[in-house]
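Dear colleague,

I am passing this structure on to you, as you have not worked with it before. Please have it open while you read the notes below.

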Amino acid sequence: MAKKTVRDLKLKGKKVLVRVDFNVPIQNGNITDDNRIVQAIPTLKYILDQGGRAIVFSHLGRVKTEEDKASKSLKVVSERLEELLGKEVKFVPVTRGSELEVAISNLKDGEILMFENTRFEDLDGNKESKNNPELGKYWASLGDVFVNDAFGTAHRAHASNVGIASNIKDSVAGFLLEKEIKFIGGAVDNPKRPFVAILGGAKVSDKISVIENLLEKADKVIIGGGMAYTFLNAQGYDIGTSLFEADKVELAKNLLEKGKGKIILPVDFAFTDKFEDKAPTHVGPITDIKEGEMSLDIGPKTLELFAKEIKNAKTVVWNGPMGVFEMDNYRKGTIGVCEALANLKDAITIVGGGDSAAAAIQFGYEDKITHISTGGGASLEYLEGKVLPGVAALSDK
Ligand code: ADP
Ligand code: MG
């Protein structure tokens with residue numbers, strides 16, 4: 001379903017409510033990864049250039065007690081935003097009331113303010129997270145139009161996205177949300193073929209619906225990472241102490257049966273006797289595994305096999321690291337998949353999922369991949385084929 005975007009609105013002189021996802025990691029008061037702020041800049045710049053009056057807001061972490069407020073304030077985020085925009089961002093340290101209302105009425109065309117963490121409202125009966133009708137209506141009353149650019153929150157129906165959208169006539173997508181829908185939605189609904197899906201990460205149980213959906217849509221499904229071992233066990237192999245979910249063996253068998261000729265599993269592995277960052281004791285096929293050993297990465301033959309499958313693809317969707325990429329000794333598989341994607345000349349390559357996106361950026365592939373999603377959970381639910389409530393609530397074209 002095509003949704004209206006910020007381009008469809010006249011913004012001059014309008015009070016523009018802008019929901020962003022600035023739920024960024026903060027350690028000791030410092031933002032350690034500002035990617036989500038950076039990705040929202042084009043939408044904010046556009047609104048201000050058009051003469052809109054931007055009222056920006058986001059959630060940040062979880063707010064359960066009064067004490068959480070100090071570490072979950074968006075003030076430090078508004079300062080980073082100010083640097084990135086090169087323009088004053090007035091920070092309003094509340095989520096409602098006269099201080100906020102006065103600050104909004106003082107805004108001039110092309111000016112921007114940001115108000116406090118929407119989840120401060122959760123202290124009073126989870127109003128934000130439970131989409132309290134009064135709260136959505138109140139926030140909607142503060143603006144003339146609503147722009148939602150918070151893809152990372154689109155899988156949740158909260159007051160600050162769905163609540164506002166259901167109380168305002170013009171609710172549209174920002175550029176980031178539009179881009180996420182275009183690439184992830186495009187790949188899943190209408191991919192250029194061959195369409196190859198690469199799935200990995202920790203557990204089968206986290207990804208059942210993703211595997212099932214992509215098994216239907218993709219031409220090939222490559223499986224690596226921790227979840228591969230439950231599949232190998234389902235084929236009858238001894239997998240030692242590798243990651244394993246006994247209650248998912250039957251499911252893995254069914255998926256292997258259903259995905260015959262489509263599913264590709266690893267053929268060699270990096271074995272070790274301890275879950276720690278030391279060199280693998282040996283590398284080889286699963287039948288080489290010794291008692292008490294586990295595999296923490298795929299091996300070089302597997303990478304060759306995967307690269308061969310990926311080489312002909314016109315669309316690649318990747319979710320889930322191929323090994324324990326947090327350790328120097330077990331990131332070769334994940335880097336190898338990044339490299340295989342980067343080498344594609346004429347294909348759309350998409351990375352979704354929190355850890356996979358972080359890995360692709362950490363290993364320097366940000367500019368070599370078509371789209372790295374900013375939504376961890378949201379991108380997964382989108383890959384499952386689910387309707388995202390934050391998107392569904394926006395005005396149709
Ligand atoms: P995403 O966030 O991209 O969806 P997941 O959260 O499913 O990915 O999985 C990421 C985690 O999977 C990483 O912390 C990584 O260490 C772990 N992992 C990958 N391969 C293995 C393995 N062979 N054994 C144990 N953990 C693994
Ligand atoms: Mg994860």
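**Around serine 160**

The side chain of serine 160 makes a polar contact with the side chain of arginine 19 at 2.8 Å, where a polar contact is a pair of N or O atoms within 3.5 Å, of which, within protein, one must be able to donate a hydrogen and the other to accept it, and residues adjacent in sequence count only if both atoms are side-chain atoms. Before going further, please note that this is a predicted model, in which local features need pLDDT of at least 70 and side-chain atom pairs count only at pLDDT 80 or more, while totals for chains, interfaces and linings use all residues. Residues are numbered from 1 along each chain as its sequence is written, chains are lettered from A and ligands numbered from 1 in the order in which they are written, and side-chain values use heavy atoms, with hydrogens and water left out.

The side chain of serine 160 also makes a polar contact with the side chain of glutamate 128, at 2.6 Å. Serine 160 belongs to helix H6, residues 159–165; helices (H or I, at least four residues) and strands (E, at least two) are DSSP runs, numbered from the N terminus. Its relative accessible area is 0%, so serine 160 is buried, a word that means under 20% relative accessible area, with exposed meaning over 50% and partly exposed in between (1.4 Å probe, protein chains only). Apart from neighbours within four places in sequence, serine 160 is in contact (heavy atoms within 4.5 Å) with Arg19, Phe57, Thr118, Glu128, Trp139 and Phe146. The C-alpha atoms of serine 160 and alanine 140 are 8.8 Å apart, and these residues are separated by 20 residues along the chain.

**Two other buried residues**

Lysine 3 is found in the segment before strand S1 (15–19), and lysine 3 is buried because its relative accessible area is 10%. The side chain of lysine 3 reaches the backbone oxygen of leucine 394 at 2.9 Å, and a polar atom of that side chain lies 3.1 Å from the backbone oxygen of alanine 392. Neighbours within four places in sequence aside, the contacts of lysine 3 are Val391, Ala392, Leu394, Ser395, Asp396 and Lys397.

Threonine 302 lies in helix H11, residues 300–311, and counts as buried because its relative accessibility is 0%. Not counting residues up to four places away in sequence, threonine 302 touches Pro266, Val267 and Asp268.

**Helix H14**

Helix H14 (residues 376–383) is largely enclosed by the rest of the structure, because 7 of its 8 residues are buried. Those buried residues are Gly376, Ala378, Ser379, Leu380, Glu381, Tyr382 and Leu383, and they pack against helix H1 (35–49), H7, helix H8 (204–217), strand S15 (315–319) and helix H13 (354–362). Just after H14, glycine 385 takes a positive phi of about 90°.

**Backbone details**

Most residues other than glycine have a negative phi, and most peptide bonds are trans. Asparagine 126, in the loop between strand S6 (112–115) and helix H5 (133–141), has a positive phi near 50°, and it counts as partly exposed because its relative accessibility is 30%. Asparagine 131, found in the loop between S6 and H5, has a positive phi of about 50° although it is not a glycine, and it is partly exposed, with a relative accessible area of 22%. The peptide bond from arginine 193 to proline 194 is cis, with omega near 0°, and proline 194 sits in the loop between helix H7 (175–189) and strand S9 (195–199).

**The protein as a whole**

The protein has 15 helices and 17 strands, and buried residues make up 55% of its 397 residues. Its radius of gyration is 23 Å, which agrees with the value near 21 Å that a compact globule of 397 residues would have; the radius is taken over C-alpha atoms, and the globule rule is 2.2 Å times the number of residues to the power 0.38. Taken along the principal axes, the C-alpha atoms fill a box of roughly 70 × 45 × 35 Å. Among contacts between residues at least 6 apart in sequence, 73% join residues at least 24 apart.

With kind regards
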